[in-house]
Amino acid sequence: MPQMARSRLGAVLPAIVILLAIQGLHILAKQDAANAERARYEDAADRATEVLVDRTSLMFGNLHNVATVVHHANKSGVSSTRAFHDFINYTDMFSEFSSLWAIAVMEDIAKADLPSCAAAYDNDAGRAALGYGPLKVVMGSDGPRHGLITMLSPLTPQTQSEIGIDIFCAPVMRRLPAR
């Protein structure tokens, strides 16, 4: 009897070893497939991150250029509003960045300088020609400094009401339209 049990075990043991080897190979194949999928995902994520970093850098560069154009126009006595709109139209940023819906210029102004700043913008002939009305300051606080939106592109009936808003004031920020 012990001889027969050994012969059965001898016949079944190779089958068990083969079954375990096949199961092990199957597990390894699944792990390799999962690792390959993870690598493909990581490569796609890296490429997407590179694109986002490049686009963000390009946008920051363009916004820096906008600030430079407005600054130089102010220093030279040229209409900064006209220079701003000309630059935006020349660079065609809205087609370059399809998710961009507006570009605003904000000026940090001391409270004491608000009347002279508003007068300077109102006397800018380039502003009137572009459709800007008088700069109406919308202050939500009585703080010492105000961040006024002084220019906006595109200037539409919907965005016209945003000109003059003090963005340093949290209650005003809450009433801005959500996009």
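Where is Asp-43 found? Asp-43 lies in helix α1, which covers residues 2-76.

## Model and layout

This is a predicted model in which local features need pLDDT of at least 70, side-chain atom pairs count only at pLDDT 80 or more, and totals for chains, interfaces and linings use all residues. Residues are numbered from 1 along each chain as its sequence is written, and side-chain values use heavy atoms, with hydrogens and water left out.

The protein has seven helices and two strands, in the order α-α-α-β-α-α-β-α-α. Helices (H or I, at least four residues) and strands (E, at least two) are DSSP runs, numbered from the N terminus. Of its 179 residues, 26% are buried; buried means under 20% relative accessible area, exposed over 50%, and partly exposed in between (1.4 Å probe, protein chains only).

## Salt bridges

The protein has three salt bridges, each a side-chain nitrogen of Lys or Arg within 4 Å of a carboxyl oxygen of Asp or Glu.

In helix α1, Glu-37 and Arg-40 are three residues apart, about one turn of the helix, and their side chains form a salt bridge at 2.5 Å, N to O. Glu-37 is partly exposed at 45%, and Arg-40 is partly exposed at 49%. Asp-86 and Arg-82 are joined at 3.9 Å, N to O; both lie in helix α2 (residues 80-91), four residues apart.

The side chains of Asp-108 and Arg-145 meet at 2.9 Å, N to O. This pair links distant parts of the chain, with Asp-108 in strand β1 (residues 103-110) and Arg-145 in strand β2 (residues 145-153), 37 residues apart.
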